[in-house]
Amino acid sequence: MIRITDILEEAQRYLSHEDIEVVEKAYIFSAQAHFGQERLSKEPYLIHPLEVTAILVGMRLDVASLATGLLHDTIEDTLVTLSNIEEAFGKEIAFLVDGLTKISKITFASKLERQAENFRKMMLAMSSDIRILLIRLADRIHNMRTLDYLEPEKQKFIARETLEVYAPLAHRLGINWMKIELEDLSFKYLQPEDCIALNEWVAKKKDERDSYAEQVRELIRKEMGEFGLAGTVEGRAKHLYSISKKMKEQHINFDQVYDLMAFRIILDSDTERDCYAALSMVHALWKPVPGRFKDYIAMPKANNYRSLHTTVIGPYGERVEIQIRTREMHEWADKGIAAHWRYKEGRAFSATEDNQIKILRELLEVHQEGDAREFMRNLKLALYPDEVYVFTPRGDVKPFPKGATPIDFAYSVHTDVGNQCVGARVNRNIVPLHYKLQNGDTVEIITQPGHLPSKDWMKNVVTSRAIAKIKQFIKTEERENSISLGREIFEKELKKHRLKFAQVVKTNEFKIAMAEYSLNTLDDMLALIGYGKLSAKHVANRLVQDEEKKEESIFEKVKKRFRKTQDAGVSITGIDNVMVRYAKCCGPIPGDDIVGCITRGRGVTVHVASCPSVQEMPPERIIDVHWEIEKKQVFSVSIRVRCGDRKGLLSELTNIISSQGVNITYANIDTMPGQSATCDFQLAVNDLAQLNKVLLDIRKLKSVTSVERLREPIERSEKGSH
């Protein structure tokens, strides 16, 4: 069991006496706050913050991080408040503790929603201070080490969350030891039987593997001496999760996994040249396996991992994986961003460290608001990039997730470059924007001022930045369209009350109404009306006096009676200059009773009043519209005629339709010879009266059994069409 003295002894190696006093004070504060509390293991709760802090001191984090490790659960699990923390330890530590506090007092609709909000809060806090994420990872490490005491279902949920999010986050920060432990602990609980079996298989071959590893190390050491290269050689077995993953991906069993061992040559030299010299030495000693060499020094991974990887045919014909790096590269490979900490010295991050933080902050650009399921899905996708490396025209290397396109590349340069992208040259050849970038491609973006993104681009981007920027543009464009539409509708509604838009929006009554609707700006209100989320009629009625409301009510009744007497026409009145379309689901024609439905960004859709779609619409989206005679126009309508099959039937039907001055735009005849026929016609009619006359004349034919108007368009097909 860890003790505070162990932590202080380790901290004294790199912290000042004053810093040690702060850590001691945090320990006493935490011990008092958690006094009497126990974990599920029946151990004192204080053990958990001590273990977390032990991990942090092992990473050599600063005094504020160590104090936060001791205090991180006090606000959530005790009576301590954030103001108590700030008063005792200052704003910096209080900020870190607050960033680590879970959202425990808010009610969520589902476990997934709670999970999404916890990660959202963690990522937002991390964007201000990366230490919050490092402490959270240490917290998760200890929780995973003590997962045995939870219910099996809870174990699996936490293990899956760890494998899908926390382990990739550790990988993003380059903290390899933490990634490996989180993966293996998750594997233990998610696939316990496989984990036990694999552990037994590895244990059986331990002696054989150790002997082989020592033989390989000795051969490499001897060769290094002859080449004048100083350094150490390490041999390690691959961790259980990586072996299991490889077996599943390659559909092989344990005996077919040839490279269980991985060897590292860690050079004392700090020069990259010696790494390549060591590579030449290894390839001279053993034959390299084609296609298995990777140069992460020339092209580092996204988390700044740098090393040379090669696989060779070693002793006894076994495949051997060898990694070659300097000590500085090795320190980063194992400890990541924690290896080059700068908070203690008060200096800014280096360009390398800042790039890691930038990558993580870009994750925040994906769905900061909205559906929890979509947020978690995109967060996981962003954390699991299968990377490709491409070059800019200047020769700089840029990493992208597998499947990235020139659009992703364009947005990585600048938002304006992305928005104005019209094409791309890859390796000097013009390629389509949906082209998938390949390793080694040189990419040049072609832009055109004034060009704007397309919704279709969403199908061809994979980076969080590109997704966020395109969605932002679409959202802005839709909002502008909705504001314009909302203004048109609201102005027309005000005219019914003899009110002018420009005057109304300046009145106190309008400001009061805005406050009641919890709206900050006029554009917010107009956008809601345009989206169909707010009724223009409700807002207008709110702004008129009671007497005017009564007069309006009487006037509307008279108007309704008057409308019923009107002959059908072809134009919609009441909403001039607004985009109007006719619903395909019911195909209204002049003479039908109709209503208007406000649709987001698409103006007003006219439906037949009895259309089932109208019944499902929110009442606030329904507005009054009516037909008005102005000029003749043709409308498409579909009918179905069922009748007995006989010679000359089609000719009779078409003659009746044509005699009424109606044009047939499409026909489909299905017949059963000598039995029955179903005839579908698409007609161009002026109004309901003309259609009814056609239907009446068709019904007079002796062989006709039924005639009906179809509410949906006929599905066209080549077969049987005329």
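This is a predicted model: local features need pLDDT of at least 70, side-chain atom pairs count only at pLDDT 80 or more; totals for chains, interfaces and linings use all residues.
Student: Which residues of α11 are buried?

Tutor: They are M178, K179, L182, E183, L185, S186, F187, Y189 and L190. Each is under 20% relative accessible area, because that is the cut-off for the word.

Student: What covers the buried residues of α11?

Tutor: The cover includes α3 (47-58), α9 (131-145), α10 (152-172), α12 (192-204) and α14 (240-250).

Student: Why is R709 called buried?

Tutor: Buried means under 20% relative accessible area. R709 has 17% relative accessibility, so R709 counts as buried. R709 lies in strand β21 (residues 704-710). Leaving aside neighbours within four places in sequence, R709 is in contact with residues including C586, P588, I589, V637 and L688.

Student: What makes the pair of R709 and D592 a polar contact?

Tutor: The N or O atoms must lie within 3.5 Å, one able to donate a hydrogen and the other to accept it. The side chains of R709 and D592 make such a contact at 2.7 Å. The side chain of R709 also reaches the backbone oxygen of G587, at 2.9 Å.

Student: How do you know that strands β7 (residues 387-391) and β8 (residues 397-401) pair?

Tutor: Pairing needs at least two bridges. β7 and β8 have 5 bridges, in the antiparallel sense. Within this pairing, V388 stands opposite F400 in β8. The hairpin has 5 residues between the strands, and G395 takes a positive phi near 95 degrees there.

Student: What is the order of the strands in the open sheet of 4 strands?

Tutor: The order is β13-β15-β14-β16, and the pairing is mixed. β13 (580-582) and β16 (622-623) each have a single partner strand and stand at the edges, so one side of each has no neighbour in the sheet.

Student: What makes β14 (residues 594-599) and β16 a pair?

Tutor: They share 2 bridges, in the antiparallel sense, and the cut-off is at least two. C597 stands opposite I622 in β16.

Student: How many helices and strands does the protein chain have, and what share of its residues counts as buried?

Tutor: The protein chain has 29 helices and 21 strands. Of its 722 residues, 47% count as buried.

Key:
Residues are numbered from 1 along each chain as its sequence is written. Side-chain values use heavy atoms; hydrogens and water are left out. Buried means under 20% relative accessible area, exposed over 50%, partly exposed in between (1.4 Å probe, protein chains only). Contact means heavy atoms within 4.5 Å.
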